Amino acid sequence: MEIAGGAFRAEQLKTHSGLISAFSMRLVKTGLVSHDLGRTLNKAEDLRLASDYRGDAVKPELAEWAVQSATEFVAAIDAAFFPSS
């Protein structure tokens, strides 16, 4: 699979952490997307890990933040890579 200037083996993109790492290396560090988007993705992943693996409850305000951030994240990616849509 080709992602912004570099090939990745499919195995590298089969996990959340592998995909987030690829996102950071190929999109954030190269300046194709903002560092804020990278931080947002990492914070959302932290919430997912806390909920899924530690069983921590996610406070409603953090859940609302995650939903709002996801909407903004998708809009930013759409604008950056699919400007005509």
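For the cut-offs, buried is under 20% relative accessible area, exposed is over 50%, and partly exposed is in between, with a 1.4 Å probe and protein chains only. Phe81 belongs to helix H3, and together with Leu32 and Phe82 it makes a nonpolar surface patch of about 290 Å². A patch here takes residues with over 30% relative accessible area and no salt bridge; nonpolar side chains (Val, Leu, Ile, Met, Phe, Trp, Tyr) are joined within 5 Å, like charges within 9 Å. Areas are Shrake-Rupley with a 1.4 Å probe, and for residues only the protein chains shown count as cover.

Quick word on provenance. This is a predicted model, so local features need pLDDT of at least 70 and side-chain atom pairs count only at pLDDT 80 or more, while totals for chains, interfaces and linings use all residues. Residues are numbered from 1 along each chain as its sequence is written, and side-chain values use heavy atoms, with hydrogens and water left out.

Now the overall layout. Along the sequence you get β-β-α-α-α, where helices (H or I, at least four residues) and strands (E, at least two) are DSSP runs, numbered from the N terminus. Of the 85 residues in the chain, 22% are buried. The chain exposes about 6000 Å², and carbon and sulfur atoms supply 59% of that. As for contacts, meaning heavy atoms within 4.5 Å, take those between residues at least 6 apart in sequence: 31% of them join residues at least 24 apart.

Phe23 and Phe73 are both buried.

Last topic, salt bridges: a side-chain nitrogen of Lys or Arg within 4 Å of a carboxyl oxygen of Asp or Glu. The whole structure has four. One of them is Arg39 to Asp36, at 2.5 Å, N to O; those two are three residues apart in helix H2, about one helical turn. Arg39 is exposed at 52%, while Asp36 is partly exposed at 48%.

Then there's Glu45, in helix H2 (residues 35–53). Is Glu45 buried or exposed? Buried, with a relative accessible area of 12%. Leaving out residues up to four places away in sequence, Glu45 touches His16 and Ile20. Glu45 also has a salt bridge to Arg48, 2.8 Å from N to O, and Glu45, Arg48 and Asp52 are linked in a salt-bridge network.

And finally Arg54 with Asp56, closest N and O atoms 3.1 Å apart: Arg54 is exposed at 58%, Asp56 partly exposed at 34%.
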